[in-house]
Amino acid sequence: MSATFSDEELELIKNSDVDEAVNILYRNAILDPLGADYVHDFIDNVRNYVEPEIKITGIEEFDSAKIDCGVEQVLMGDQVVYTGIFGDRDAILSLASVFGMEEFNEIDADSLDAVSEFLNLTNGLYVSARSDNGIELDLDPPMMYPSEQTIVGDDGTVFRIGLDIGAGTLYVVFSVDV
């Protein structure tokens, strides 16, 4: 699944408010309704809990990709939803420090635990909203990756959306197998 964006749409994705960017991704068949809901909710949580001034730096679809560090969590039930937060060291430490309300200076179990809690919060809200629509999902425990890993998509397309949070770039990574 890929789409071609006009120059105007690319600029809107990178420079406009996040709501409009997610709408453009949805209209261009990059995101299905569930994916659009997830990305929108994820970005709202980054704005509310980590950094209010963020920009989408891009979106890509992949079968496999190398990541620096981060966490992932799978939601299982009526659907299988793969989710993750990855990024460069500075972005992950910034998210961990702000959300964990303490200063983290290295990627370790404690800093990644704070990132896992953020992902768990986001996914918990998503699961609750899906339940209201009759879709039952359970949260698997988050997995932590303190060093470079390769993410491989199994049966579906995996999307990675870059978010500039000032301290670096975070990537929300997800795939919905319906």
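In this predicted model, the side chain of Thr83 makes a polar contact with the side chain of Asn123, at 2.9 Å. Thr83 is found in strand β4, which covers residues 80–87. Asn123 is one of the buried residues of helix α5. A polar atom of the Thr83 side chain also lies 2.7 Å from the backbone oxygen of Gln73. The relative accessibility of Thr83 is 0%, so this residue counts as buried. Residues up to four places away in sequence aside, Thr83 touches Tyr38, Val71, Glu72, Gln73, Leu75, Leu119, Asn123, Val173 and Phe174. Two of these neighbours, Tyr38 and Phe174, return below as an aromatic pair.

Helix α5 itself runs over residues 109–132. How far apart should its ends be? With 24 residues at 1.5 Å a residue, α5 should span 34 Å. Its end C-alpha atoms are 34 Å apart, so expectation and model agree. At the start of the helix, a side-chain oxygen of Asp108 reaches to within 3.1 Å of the backbone nitrogen of Asp110. Just after the helix, Gly134 takes a positive phi of about 85°.

The buried residues of α5 are Ser111, Leu112, Ala114, Val115, Ser116, Phe118, Leu119, Thr122, Asn123, Tyr126, Val127 and Arg130. An α-helix has 3.6 residues a turn, so residues three or four places apart point the same way. Among the buried residues of α5 are Leu119, Asn123, Tyr126 and Arg130. Leu119 and Asn123 both touch Thr83. Arg130 lies over the face of Tyr126, at 4.8 Å from the ring centre.

Aromatic rings were examined next. A search of the whole structure finds 8 aromatic pairs. One of them joins Tyr38 and Phe174, whose ring centres are 6.0 Å apart; the planes meet at 40°, so the pair is tilted. This pair links distant parts of the chain. Tyr38 lies in helix α3 (residues 33–49) and Phe174 in strand β9 (residues 169–177), 136 residues apart. Tyr38 has 1% relative accessibility and therefore counts as buried. Phe174 has 3% and also counts as buried.

Phe42 and Phe118 form another pair. Their ring centres are 5.8 Å apart and their planes stand at 85°, so this pair is edge-to-face. Phe42 lies in helix α3 and Phe118 in helix α5, so the pair ties together parts that are 76 residues apart in sequence. Phe42 is buried, with a relative accessible area of 0%. Phe118 is buried too, with a relative accessible area of 0%. Which residues make up the aromatic cluster? Tyr38, Phe42, Tyr49, Phe99, Phe118, Tyr126, Phe159 and Phe174 form one cluster.

Met101 is found in the loop between α4 and α5. Is Met101 buried or exposed? Its relative accessible area is 75%, so Met101 is exposed. Met101 has a positive phi of about 55° although it is not a glycine. Most residues other than glycine have a negative phi. Ser64 lies in strand β2, residues 64–67. With 44% relative accessibility, Ser64 counts as partly exposed. Ser64 touches Thr150, Ile151 and Val152, not counting residues up to four places away in sequence. Ser64 and Val158 are 94 residues apart in sequence, yet their C-alpha atoms are 8.1 Å apart in space.

The chain as a whole has 5 helices and 9 strands. From the N terminus on, these elements run α-α-α-β-β-β-β-α-α-β-β-β-β-β. Buried residues make up 44% of the 178 residues. Among contacts with a separation of 6 or more, 66% come from residues 24 or more positions apart.

The mean pLDDT of the chain is 82, and 79% of its residues reach 70 or more. Among the elements, helix α4 (residues 89–100) has the highest mean pLDDT, 96. Helix α2 (residues 18–27) has the lowest, 64. Where pLDDT is low, the predicted coordinates should not be read in detail.

Key
Residues numbered from 1 in each chain as written. Predicted model: local features only at pLDDT ≥ 70, side-chain atom pairs only at ≥ 80, totals over all residues. Heavy atoms only, no water. Helix = DSSP H or I, 4+ residues; strand = E, 2+ residues; numbered from the N terminus. Expected span 1.5 Å × (residues − 1). Buried < 20%, exposed > 50% of the residue type's maximum accessible area, 1.4 Å probe, protein only. Polar contact = N/O pair within 3.5 Å; in protein donor to acceptor, adjacent residues only side chain to side chain. Phe/Tyr/Trp six-rings, centres within 6.5 Å; stacked < 30°, edge-to-face > 60°. Lys NZ or Arg CZ within 6 Å of the ring centre and 35° of its normal. Contact = heavy atoms within 4.5 Å. pLDDT = per-residue confidence, 0-100.
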